[in-house]
Amino acid sequence: MDKSLYNKVMNVIKSYHGLSKDCLTLCKTTFPSISPDALSSIISNEYQKRMKYNYIKTSDTINGYYNLYQDRLNHCDPPGIIVQLSRESGICPCLVAKLILQKFYGEDSSTPDSVGKLSSIVQTYMRDTNLIPDPRLAYETYLCTIYDDLYSPLVEIMKASLGQEYEIKLYRELLSLGLAFRDEEHLRTYGYDKTPDFKLEIPVAVNGFIINWVESKALFANEEVHEEYFRHQYGSYCNRFGPGLVIYWFGFVESVVQSSDHQGLLIKDHFPSDVVHILPPKSLRDN
């Protein structure tokens, strides 16, 4: 994606102050040429940064959300109170629900042990809202898990499944090209702590670039996302195995390719079909 188009998308996202789910609907209409997966990934990254700055868990904040929730209950507001509070405050629904649950069931949480126990209880309630004793709060929390496409336990499962889906897709493409490789589970049995998704047994070349390993990412990457992954993953892979290929399946800002030129990385949104097989020396092949 060229930088100017990416900036237009970011301007729309930054000027929107509702739920991320509603922001995605707006972006789909505004940018029909961009895939929904790419838009969802861009919005997810921006909203998570927004939450880091705006999500405050002080006692005043917790009491504020709890009191607003109780006031609207007393006024007989229809279901969806917490979702509406989230829409008004710009904080994701599940994060607001956690604060209200914490207040609702945490009056006696004054010691470190009780705080830890409360946190565990809240996490359990978020994963299974049927366990929440108060029926109305249980339904309100359930609605949050439906409307929140960033912090819901359902979304965590879906993200893990999506990542695995694209790893399987890459696995099948490597097989179809007749490439010999090892996956990260196999590499970890040899004591490697940081491993790419696939390490090629015999390197291949794409337009003269040597590929020793391949990493699959089911997301859209901007410069910040890419640099973060390079610091925590790609840099170690390059030092240990040499240059490699990173696939951002949902696309990337064109400037990511420019920044990767000096990093020993080839950046693509698919696995290249024009790979050149590098044969080992004849003496090894004869053996």
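How are H4 and H5 oriented to each other? In this predicted model, helix H4 covers residues 59-74 and helix H5 covers residues 81-89. Their axes are 10 Å apart and the packing angle is about 130°. Angles from 65 to 115 degrees count as roughly perpendicular and those over 145 as roughly antiparallel, so H4 and H5 are oblique to each other. The crossing of H4 past H5 is right-handed.

On the H4 side, this contact uses Tyr-65, Leu-68, Tyr-69, Arg-72 and Leu-73. On the H5 side, the partners are Ile-81, Ile-82, Gln-84, Leu-85, Glu-88 and Ser-89. Sorted by class, the contact of H4 with H5 holds seven nonpolar residues, two polar ones and two charged ones.

H5 also packs against helix H6, which runs over residues 93-105. Here the axes come within 9 Å and cross at roughly 115°. From H5, the residues in contact are Ile-82, Leu-85, Ser-86 and Ser-89. They meet Pro-93, Val-96, Ala-97 and Ile-100 of H6. The contact of H5 with H6 has no charged residues; six are nonpolar and two are polar.

H4 contributes Thr-61, Ile-62, Asn-63, Tyr-65, Tyr-66, Tyr-69 and Gln-70 to the contact. H6 contributes Val-96, Leu-99, Ile-100, Gln-102, Lys-103 and Phe-104. By class, eight of the residues in the contact of H4 with H6 are nonpolar, four are polar and one is charged.

The largest cavity holds about 40 Å³ of space. Its lining is made up of Tyr-6, Met-10, Ile-42, Asn-45, Glu-46, Phe-220 and Asn-222. Helix H1 (3-15) and H3 are the elements that give two or more residues to this lining, and H3 gives the most, with three residues. Four residues of the lining are nonpolar, two are polar and one is charged.

The second largest cavity has a volume of about 30 Å³. Gly-18, Leu-19, Ser-20, Tyr-47, Ser-86, Gly-90, Ile-91, Cys-92 and Pro-93 line this cavity. Five of these residues are nonpolar, four are polar and none is charged.

Open space is described by the largest pocket, which has about 940 Å³. The pocket is lined by 30 residues, and those nearest its centre are Ser-40, Ser-44, Lys-159, Leu-162 and Ala-218. The elements that give two or more residues to its lining are helix H2 (20-30), helix H3 (36-54), helix H8 (135-147), helix H9 (153-176), strand S3 (209-217) and helix H11 (223-241). The lining of the largest pocket divides into 14 nonpolar, nine polar and seven charged residues. H3 is listed among the elements that line this pocket and also contributes to the lining of the largest cavity.

Note on methods:
Residues numbered from 1 in each chain as written. Predicted model: local features only at pLDDT ≥ 70, side-chain atom pairs only at ≥ 80, totals over all residues. Heavy atoms only, no water. Axes fitted to C-alpha atoms, helices over the stretch in contact; angles between N-to-C directions. Helix = DSSP H or I, 4+ residues; strand = E, 2+ residues; numbered from the N terminus. Parallel < 35°, antiparallel > 145°, perpendicular 65-115°, else oblique. Left-handed = near helix turned anticlockwise from the far one by under 90°. Contact = heavy atoms within 4.5 Å. Nonpolar A, V, L, I, M, F, W, Y, C, P; charged D, E, K, R; others polar. 1 Å grid on protein atoms, 1.4 Å probe; cavity = no way out; pocket = protein on both sides within 12 Å on 5 of 7 lines; lining within 4 Å. Points joined across faces, edges and corners; volume = space filled by probe spheres on them.
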